[in-house]
Amino acid sequence: MAGAAPIVADLRTESDDLDALVADLPAAGWATDTPAAGWTIAHQIAHLLWTDRVSLIAVTDEATFTSDVVSAAAQNPMGFVDEAAEELAATAPAELLADWRTTRAALHDALLAVPDGRKLPWFGPPMSAASMATARLMETWAHGLDVADALGVTRTPAARLRSIAHIGVRTRDFAYAVHGLTPPPDVFHVKLRAPDGDEWVWGPEDAAQRVEGSAEDFCMLVTQRRPRSALDVVAVGPDAEQWLTIAQAFAGPPGAGRG
């Protein structure tokens with residue numbers, strides 16, 4: 001993976017693109033339902049605000065993150081994310097958007113200032129600034145897709161999908177673990193068609209287990225934004241086939257996916 005700077009630049013762009021989708025919505029538009037059950041556009045932005053906020057705390061105040069944020073999450077491990085989104089979604093849309101703008105800008109700047117080698121605390125294993133930026137890019141893109149779907153907008157795929165595809169590949173073993181399964185011992189070969197027609201490749205060329213297809217569709221699959229039947233992603237080999245049924249790039253328990 002690259003250092004944090006290019007990924008943070010992509011994260012800024014992705015955030016700005018989503019901002020542009022909601023900036024001119026009337027207040028009533030923020031109550032539009034999205035494909036995530038029970039979540040409106042306001043919930044989607046509220047979730048990103050909350051996660052950017054706690055990410056900023058992890059970067060700038062590790063003691064508070066450990067003592068307050070992690071402790072609060074431990075009291076309701078299965079529901080604290082939804083509770084936070086529900087609470088913040090009740091904020092007036094203009095205030096919610098302004099808060100997200102300020103918070104995400106502070107986070108992006110803070111990530112750029114993280115020294116090489118420093119690991120940032122999180123709810124799972126500590127991570128580098130580049131890894132945190134990648135995780136925020138993945139979430140911003142995925143929740144932005146929910147908003148775009150709610151508004152009937154088709155987004156143009158961009159080269160920054162590569163970081164999202166990368167985290168999708170890297171989380172293979174995590175997906176097995178959260179399903180109580182043992183990951184296959186062999187590395188898979190993943191070859192994806194980039195938006196510009198180039199190829200993005202992970203794993204040995206001679207691997208028996210292979211995944212190929214559209215990079216955008218692979219990102220939709222690992223963020224569980226589209227059913228696999230609607231995607232241009234194919235598997236060769238039983239282990240690769242199984243992985244595509246459970247793949248998830250996001251933290252937490254297995255998602256329900258989209259039917």
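1. Helices (H or I, at least four residues) and strands (E, at least two) are DSSP runs, numbered from the N terminus. By that rule, Val114 sits in the loop between helix H5 (93–112) and H6.

2. A word on the basis. This is a predicted model, in which local features need pLDDT of at least 70 and side-chain atom pairs count only at pLDDT 80 or more, while totals for chains, interfaces and linings use all residues. Residues are numbered from 1 along each chain as its sequence is written, and side-chain values use heavy atoms, with hydrogens and water left out.

3. Back to Val114. Is Val114 buried or exposed? Val114 counts as buried because its relative accessibility is 11%. Buried means under 20% relative accessible area, exposed over 50%, and partly exposed in between (1.4 Å probe, protein chains only). Leaving aside neighbours within four places in sequence, Val114 is in contact with Val59, Leu120 and Ala129. Contact means heavy atoms within 4.5 Å. Val114 and Ser128 are 14 residues apart along the chain, and their C-alpha atoms are separated by 8.5 Å.

4. Next, helix H6. H6 covers residues 129–151, 23 residues in total. From first C-alpha to last, H6 reaches 32 Å, close to the 33 Å expected. The expected span is 1.5 Å times one less than the number of residues. H6 is mostly covered, with 18 of its 23 residues buried. Just after H6 comes Gly152, with a positive phi of about 70 degrees.

5. Now the helix pairs. Two packed helices are described by the angle between their axes and the distance between the axes. Axes are lines fitted to C-alpha atoms, for helices over the stretch in contact, and angles run from 0 to 180 degrees between N-to-C directions. Angles under 35 degrees count as roughly parallel, over 145 as roughly antiparallel, 65 to 115 as roughly perpendicular and the rest as oblique.

6. H6 packs on helix H7 (residues 161–170) at about 105 degrees, with the axes 9 Å apart. H6 and H7 are therefore roughly perpendicular to each other. H6 makes the contact with Thr134, Ala135, Leu137, Met138 and Trp141, and H7 with Leu161, Ser163, Ile164 and Ile167.

7. Helix H2 (residues 41–60) and helix H3 (residues 62–75) pack at an angle of about 130 degrees, their axes 5 Å apart. H2 and H3 are therefore oblique to each other. On the H2 side the contact uses Val54, Ile57, Ala58 and Thr60; on the H3 side, Glu62, Thr64, Phe65 and Val69.

8. The sheet is open. Its 4 strands run in the order S2-S1-S3-S4, and the pairing is mixed. S2 and strand S4 (233–236) stand at the edges, each with a single partner strand, so one side of each has no neighbour in the sheet. Neighbouring strands are turned by 10 degrees against each other on average, direction ignored. Two strands pair if DSSP finds at least two bridges between them.

9. How do the strands pair? Strand S1 (residues 189–193) and strand S3 (residues 210–214) are parallel, over 5 bridges. Val190 has Val211 as its bridge partner in S3. S1 and strand S2 (residues 199–202) run antiparallel, joined by 4 bridges. Here Lys191 has Val201 as its bridge partner, and Val190 stands opposite Trp202. S1 and S2 form a hairpin with 5 residues between them, and Gly197 in the turn has a positive phi of about 90 degrees. S3 and S4 pair in the antiparallel sense over 4 bridges, with Glu212 bridged to Val234 in S4.

10. What lies across the strands? H7 lies across S1 and S2, at about 25 degrees to S2. Helix H9 (residues 215–222) lies across S1, S2, S3 and S4, at about 115 degrees to S3. In S4, Val233 and Ala235 form the covered face, and Val234 and Val236 the uncovered one.

11. Finally, the core. A nonpolar core is a set of buried Ala, Val, Leu, Ile, Met, Phe, Trp, Tyr and Cys residues joined through side-chain atoms within 4.5 Å. The largest has 75 residues, of which Leu111, Phe218 and Trp243 touch the most other members. H2 gives the most to this core, 11 residues. Beyond neighbours within four places in sequence, the contacts of Phe218 include Leu192, Val211, Val233 and Trp243.

12. Gln224 lies in the loop between H9 and S4. Gln224 is not a glycine, yet has a positive phi of about 55 degrees. At 16% relative accessibility, Gln224 counts as buried.
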